[in-house]
Amino acid sequence: MRFGSWKRPCSHPEPPTKGWNARPGGPVRFLQLRIPLNYPLGFSVFRMLEPTPLYGGNADFLESLYEQYLRDPASVDQRWRGYFERIGPPVTGERPHGPIQSEIVERARTPRAPLPAAPASGSAEANNAAKQAAVSRLIQIWTNRGHLVAKVDPLGLTERPRPRVLDLDYFGLSERDLDTEFFTGSRSGVVPKRMKLRDILAQLEFIYAGPIGAEFAHVSESEERLWLQDQFQTGRLAGRFTPEERRNILWQLTAAEGLERYLHTKYVGQKRFSLEGGEAFIPLLDDLIQSSGAAGIEEAVIGMAHRGRLNVLVNLLGKSPSALFSEFEGSYDLSHLKGSGDVKYHKGFSADLRTPSGNVHTVLAFNPSHLEVVNPVVEGSVRARQERRGDEKGQRVLPILVHGDAAFAGQGVVMETLQLSQARGYYTGGTVHLVINNQVGFTTSDPRDTRSTIYSSDVAKMLEAPIFHVNTDDPEAVVFVARLALLYRMKFRKDVVIDLVCYRRHGHNEADEPAATQPVMYRVIRQHPTARKLYADKLIADGAITESDAASMMEQYRAGLDEGRPQARASLGMIGNKYTVDWTPYAQIDWTERVQSGLELRRLRSLGERITLVPDGFSLHPRVAQLMLNRKKMIAGEAPLDWGCAETLAYAALIEDGFSVRISGQDSGRGTFFHRHAVLHDQNSDNTYIPLQHIADHQPRVQVVDSVLSEEAVMGFEYGYSTTEPNALVVWEAQYGDFANGAQVIIDQFISSGEAKWERFCGLALFLPHGYEGAGPEHSSARLERFLQLCAESNMQVCVPSTPAQMFHMLRRQMLQPFRKPLVVMTPKSLLRHEMSVSSLEDLTRGSFARVIDETDDLAPTQVRRLVFCSGKVYFDLLKARRKDAIRDVALVRIEQLYPFPSEEYEAILGRYSGAREIVWCQEEPQNQGAWYQIRHRLQEPLGARRQVLYAGRAPAAAPATGIAKIHDAEQHALINAALKSTTTEDSARETTRLTGGGPAAAPAPAVAAAPAPALRKSS
Ligand SMILES: Cc1ncc(C[n+]2csc(CCOP(=O)(O)OP(=O)(O)O)c2C)c(N)n1
Ligand SMILES: [Mg+2]
């Protein structure tokens, strides 16, 4: 598949799926139930009559009457004929049931071709065949269900009742059969074709009931399942580690344990979320990166929570121990601190790790406390890196997600992220998931409380991902599954899970007393030797090392820490490569600088031609054809420019400037409001064509993705993508603005605060349809107030563009300005088709995004007695009402950027209308919502104490809007009236009295009210 092929709405590779998830190949085909004679499914006269009193005891009678009617309508009584006619014509293909039933009965009676003669029951031959069948079945059951009896729990506390199906007698076998030879059905060289039942059982026990519980029976692709089975069997039976590999495993365990012990004694009681109990995670990760290098991976991005992070930083990535110790000691160099900083176990890091086949640039993603929410962020970052490398199949950049057992089972974002895995707009070639399953989450470990499934990893079965549960007391088994998992991921390009069954040696953090809630578990844990000790003893017993080798390894590690020397063997520090991005040019932030985003007319026209060009023979839907025709007229200057056209022109211009574009959201291709049509659909073939992918030769990538119906994971993905790729305009779009609240964690933990905590820049734009049009409590408000409440330290931009031209300039500015900051946009709904909210082509040729738009009608500034400031759609309601009532002394000013607040422009407006004594803020949202409480101090500040900003808007309310159209209209009318005409508080109180039912009316809040004395603070 070629990049940018016009057959696909986005240009990432086809996931390598076959079968039910296959693409392309047109619509998904559902399993067809084979019903004789094409009888329409589920249709019956019963169904037709179901809700009527006729249905019931008379059903048989009615059925036969209807059959008669179907055969010959004239043969039934006229009243019944009239009744059946009123029900409507028979469904296509509807036929009398009688003949069909007869046919089925007839078929059942017809003798079939005889089967080959079976051996007479009781004969030796028959007995053998039956036994062989039983053995084959037993082998299959072991393959599928052996994981249920695998010894994966190092503490041995898990109760795992042995399923009856694994017992000999379940299939009619007995001890007497143990020395009989049977066919094994083996496809591999390591398992003989025939074996004694005794040996078969021993081998099954060894393969499937050892330290690894392998779950792959749920993989429905036979090729994959058989491959997994063969690889697993072969590996278990024939896999061997070299002495060097074994020494390295011991070294990694020593490092994992050594660091934790060192910190434990040096920084007593300080939180570090120790890995102890799960130390095998470090040799696993080390081997995974080494094997990845050998498999052609050049970059790996790891997302993980608190547990074991410090260990990964020091022992895998090579963070300097001295730097870590300084953090423990709190001796930061504050002179370099920008923003808030973050705790040590949330910090990210990257380093180039040496592997025999080349360096693997390895990144540990920054991470907030919110468990699992980093998952989609990592996937987005990986996708951006893959695209940068032209890695269409995900063979060069690897996502690794590390989970806690409780969080993996409980957090919804896990499922959402898994669901992205094979969706073409989010595909990253498969993720390696590692669950640090210490069998407890904080203080909860009782299986009756932790989850409803057997394993904490069960959610991954929805992807049919193979899952390997492994006992971490056997580090060789751990490394073996790491290799197998990676092989699977590289070969089939799908997700795979390793469930590291371990324990937690201490409490949730180091100040906790775990025995208070897990007394039995901790009694066992206290007696349990460490994984390093167990493995060292094993190597000593095998003669692979001596006791003093093991002791000197630990001493060597400790000495390194004492000296503060980097400990990760493979880490080269940060060398970088041609794909790493230098973000320093984006650190220069000057909000006052105006970005010239206009384009010459000639260029606009030429871009306009390209965005309206459709290939020959491509058949558009008539409404879309009309829309494209209208766009052509707009570009020719024959019609006013609308939002869809201006937005598309902005993308086209950016693409021509060399920026790639990625728009992702629910139904973004068409646009929720039938306004964008970035993806065109051929009415004859279902093929798609994206004009923006054909703007220039060798143009940057353009992706318009109809997202999976998720907010949290998709927004997280786009955040990850945009923090990785500064040269892409990345847009996440909500279907309606309020749905973004399902992604609130991404907004709070990453978008608004990521730069302050971690110095990560992000240019992601959020499009949030917003506006009060009577659509009800939902679908009206994008919760503007929440975004404004998060604004400080110039962390993001919040804009409410009111015209297509403003949208154009705002989008251009987002990429042309020399920094990357999130952009939150209250996007239009009804304005998309509002006759007053249009622009001209010339509006796109000059200037830049106007943060404030002054009065546009021809009013004499000296005559203006009242200045009304507002944002968004309400402006047009105000304008219409003012023009209708020929009011000449009220000026309307739009604040198009609410943050960073355009104080300079605001003050200039105040100066221009110096005679205006009344300064009003008008909004559609209830008083406790919208911009009012977030910006009134900024509006008030230049006014001093003598004049106070007045409020015109809805009364405070619990829900964002009413669901009753009549109330909405009355409220809207009242607030417009209040903004333009009310003079006193009493006046306005009357204006907004809510239309209440019969009960006592709630005390009305004034529509135009004196603002309480604002805290006069300098704008931040
Ligand atoms: C979304 C979220 N909810 C709650 C918490 C508080 N919390 C921190 S760790 C933890 C337990 C996590 O258990 P698990 O996922 O098994 O990881 P472990 O600590 O055992 O490694 C909880 C509840 C959190 N950090 N994030
Ligand atoms: Mg846990």
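A salt bridge is a side-chain nitrogen of Lys or Arg within 4 Å of a carboxyl oxygen of Asp or Glu. The views below show a predicted model, for which the count by this rule comes to 58 salt bridges.

**Figure 1. Salt bridge between Glu 215 and Lys 461.** The side chains of these two residues meet with N and O 2.6 Å apart. The pair links distant parts of the chain, 246 residues apart. Glu 215 belongs to strand β3 (residues 212–215), while Lys 461 sits in the loop between α15 (447–450) and β9 (467–471). With a relative accessible area of 3%, Glu 215 is buried; Lys 461, at 28%, is partly exposed.

**Figure 2. Salt bridge between Arg 882 and Glu 855.** The N to O distance of this bridge is 2.6 Å. Arg 882 is part of helix α28 (residues 874–884), and Glu 855 is found in the loop between β19 (852–853) and β20 (866–870). Elsewhere, salt bridges with shared partners join Glu 298, Glu 299, Arg 385, Arg 389 and Arg 396 into one network.

**Figure 3. Salt bridge between Asp 179 and Arg 198.** The closest N and O atoms of this pair are 3.1 Å apart. Asp 179 lies in the loop between α5 (124–145) and β1 (181–183) and Arg 198 in helix α6 (residues 197–208), so the bridge ties together parts 19 residues apart in sequence. Asp 179 has a relative accessible area of 47% and is partly exposed. Arg 198 also counts as partly exposed, at 41%.

Figure 4. Beyond its neighbours within four places in sequence, Phe 232 is in contact with Ile 207, Tyr 208, Ile 212, Ala 214, Phe 216, Phe 468, Phe 480 and Leu 484.

**Figure 5. Packing of helices α9 and α16.** Two packed helices are described by the angle between their axes and the distance between the axes. For α9 (residues 281–294) and α16, the angle is about 35° and the axes are 9 Å apart. The crossing of α9 past α16 is right-handed. On the α9 side, the contact is made by Pro 283, Leu 284, Asp 287, Leu 288, Ser 291 and Ser 292. From α16 come Val 478, Val 479, Ala 482, Arg 483 and Leu 486. Sorted by class, the contact has 7 nonpolar, 2 polar and 2 charged residues.

Figure 6. Most residues other than glycine have a negative phi, and most peptide bonds are trans. The bond that joins Tyr 899 and Pro 900 is cis, with omega about -15°. Pro 900 is placed in the loop between β22 (897–899) and α29 (903–912). Gln 439 has a positive phi, near 65°, and lies in the loop between β8 (432–437) and α15. Its relative accessibility is 17%; under 20% is the rule for buried, so Gln 439 counts as buried. His 677, not a glycine, has a positive phi of about 50°. His 677 is located in the loop between β11 (660–665) and β12 (680–681) and is buried, with a relative accessible area of 5%.

Key. Residues are numbered from 1 along each chain as its sequence is written. Chains are lettered from A and ligands numbered from 1 in the order in which they are written. This is a predicted model: local features need pLDDT of at least 70, side-chain atom pairs count only at pLDDT 80 or more; totals for chains, interfaces and linings use all residues. Side-chain values use heavy atoms; hydrogens and water are left out. Contact means heavy atoms within 4.5 Å. Helices (H or I, at least four residues) and strands (E, at least two) are DSSP runs, numbered from the N terminus. Buried means under 20% relative accessible area, exposed over 50%, partly exposed in between (1.4 Å probe, protein chains only). Axes are lines fitted to C-alpha atoms, for helices over the stretch in contact, and angles run from 0 to 180 degrees between N-to-C directions. A crossing is left-handed if the near helix is turned anticlockwise from the far one by less than a right angle, and right-handed if clockwise. Ala, Val, Leu, Ile, Met, Phe, Trp, Tyr, Cys and Pro count as nonpolar, Asp, Glu, Lys and Arg as charged, and the others, Gly among them, as polar.
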